[in-house]
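Subject: Handing over the two-chain model

Hello,

Here is the structure you are taking over. My notes on what was found in it follow below.

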Amino acid sequence: MANLKDIKRKISSVSNTQKTTRAMKLVSTAKLKRTEELAKQSKVYANKLTEMLSEIAQNIQSSNIEGLSSKFCNEQEDIKVVDIIFITADKGLCGGFNSQTIKRVKQLIETYKAKGTKIRLRAVGRKGIDYFKFNGVELTSEEIGVSSAPTYDKAKDFISSLVEDYVNGSTDKLILVHNGYVNMITQEIREDNLLPIDTSSMVDSTKSLSDLEIEPEDDDSLLETLITKYVEYSMYYALIDSLAAEHSSRMQAMDAATNNAKEMVADLNVEYNKARQQAITTELIEIISGVESMK
Amino acid sequence: MELMKLEIITPTGVIYDADIKQVTLPGKDGEFGVLPQHASLVSLLESGLIEIEAEKSKLSVVIDSGYVKVSENKVVCLVDGAVALDGADNDISHALDEAQKLMKSVENSNAAIATAKKLDNMKSSI
């Protein structure tokens, strides 16, 4: 039977942990609300941008224009180098949030390795970096501090070098993996092909496309800026989405932790009371047998 | 009079969403007007003024660069930054200040300078 004092100490330690997890849950809830609002606002813009781009891209695909614009929209037959960008959190204590993303990235690496493609990993967020470094996997670039406070400029800085690489041919495909926000209790792994632009998944709106006028008339300048914008914005949106998911995941994890702590305190209390009763019983027996022996 | 739908969207949200009669946009190749039943069009936008003519009112919105897509009686403007010039006098002068700040942040293109001048004129006329 455990010592009464030991149990008492355990109870107070667990209830302290409970206080911490409860506070962390509250903080995450507040942060989630803010990030969710941000995500909602930028979602309208992101959707419209995608819609606009998909119409132009379809137009270009159907007219078979050669050159830069077709490079952005059509997949190369022979993919030699693929860039995988993945977003994880800078901090832990958020349940399976980071490990899910890492798992998916590992799957991707396997598939591309099997095809004999060269993979370049670009990590955003400390947890992902730590994991792959620990396992001795080489990372082409590392970004810390972007995923916990995403801004458009940071996203732009990060992605612009990648777009350059794509344009000058040193990479053939850009994949972005992140854990996205669905609602307060659900997160979902999202895997997007940033470049070349995946037109097949976009809304199919073949109507009245043939007579789409484009100004200024050399489509390349319009398309190039539009695509750059699209990629930058997708990156930014992914960062926000990932942050919202991180907060919701942490909220859940902390909620579960608080509940577990509560259960544990209840169990420990029962144990404490049992031990106390037993101590009293033992004492009583000692007294009674003492008295008996005196008779 | 036939109407068409106009949406002006920035990364921070929707600024304008209503049915209108006519809109004038600052295109890369020059200013152009759009009326209902316009042919499908995609264009780059320069920094400048979007002039909206709604059924009963008129409104100007200052924008920096962006895109516009016209299709099936619907005009969608995607812009990086925009300030609507409307409201009471006090609000307008405040909005004008904001708009001027926006123009200053744009690199020194001719279009931005011209818009800044227009804004100065508007300011002195209030």
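A residue counts as buried if 20 or more other C-beta atoms lie within 10 Å of its own, as exposed if 12 or fewer do, and as partly exposed in between, with C-beta atoms placed from the backbone. By that rule, 34% of the 295 residues in chain A are buried.

Please keep in mind that this is a predicted model, in which local features need pLDDT of at least 70, side-chain atom pairs count only at pLDDT 80 or more, and totals for chains, interfaces and linings use all residues. Residues are numbered from 1 along each chain as its sequence is written, while chains are lettered from A and ligands numbered from 1 in the order in which they are written.

Confidence: the model has ipTM 0.75 and pTM 0.81. The average pLDDT (the predictor's confidence in each residue, from 0 to 100) is 82 for chain B. In that chain, 93% of the residues score at least 70.

Chain A
Chain A has six helices and six strands. These are DSSP runs, numbered from the N terminus: helices are H or I with at least four residues, strands E with at least two. Their order from the N terminus is α-α-β-α-β-α-β-α-β-β-β-α.

Five of the strands form an open, mixed sheet, ordered β3-β2-β1-β4-β5. β3 (141-143) and β5 (186-195) are at the edges with a single partner strand each, so one side of each has no neighbour in the sheet. The average twist from one strand to the next is 20°. Strands pair if DSSP finds at least two bridges between them. β4 (residues 173-183) and β5 of chain A run antiparallel, with nine bridges. A:His178 has A:Arg190 in β5(A) as its bridge partner.

Helix α3 (residues 97-114) lies across β1 (81-87), β2 (118-124), β4 and β5 of chain A. Its angle to β4(A) is about 150°. Axes are lines fitted to C-alpha atoms, for helices over the stretch in contact, and angles run from 0 to 180 degrees between N-to-C directions.

Helix α4 (residues 126-134) of chain A has A:Arg126, A:Lys127, A:Gly128, A:Ile129 and A:Phe132 buried. Their cover includes β1, α3, β2 and β3 of chain A. After α4(A) comes A:Gly136, with a positive phi near 70°.

Chain B and the contact
β2(B) and β3 (residues 30-34) of chain B run antiparallel and share five bridges. A two-residue hairpin connects them. B:Val23 has B:Val34 in β3(B) as its bridge partner.

Where the chains touch, 19 residues come from chain B and 19 residues from chain A. Two residues are in contact if their C-beta atoms, placed from the backbone, lie within 7 Å. On the chain B side, β4(B) gives the largest share, four residues.

The core
A nonpolar core is a set of buried Ala, Val, Leu, Ile, Met, Phe, Trp, Tyr and Cys residues joined through C-beta atoms within 7 Å. The largest one holds 87 residues. Those with the most contacts inside it include A:Leu53, A:Met235 and B:Cys77. Helix α6 (residues 219-294) of chain A supplies the largest share, 19 residues. Beyond its neighbours within four places in sequence, B:Cys77 contacts B:Glu7, B:Ile8, B:Ile9, B:Leu45, B:Ile50, B:Gly66 and B:Val68.

Best wishes
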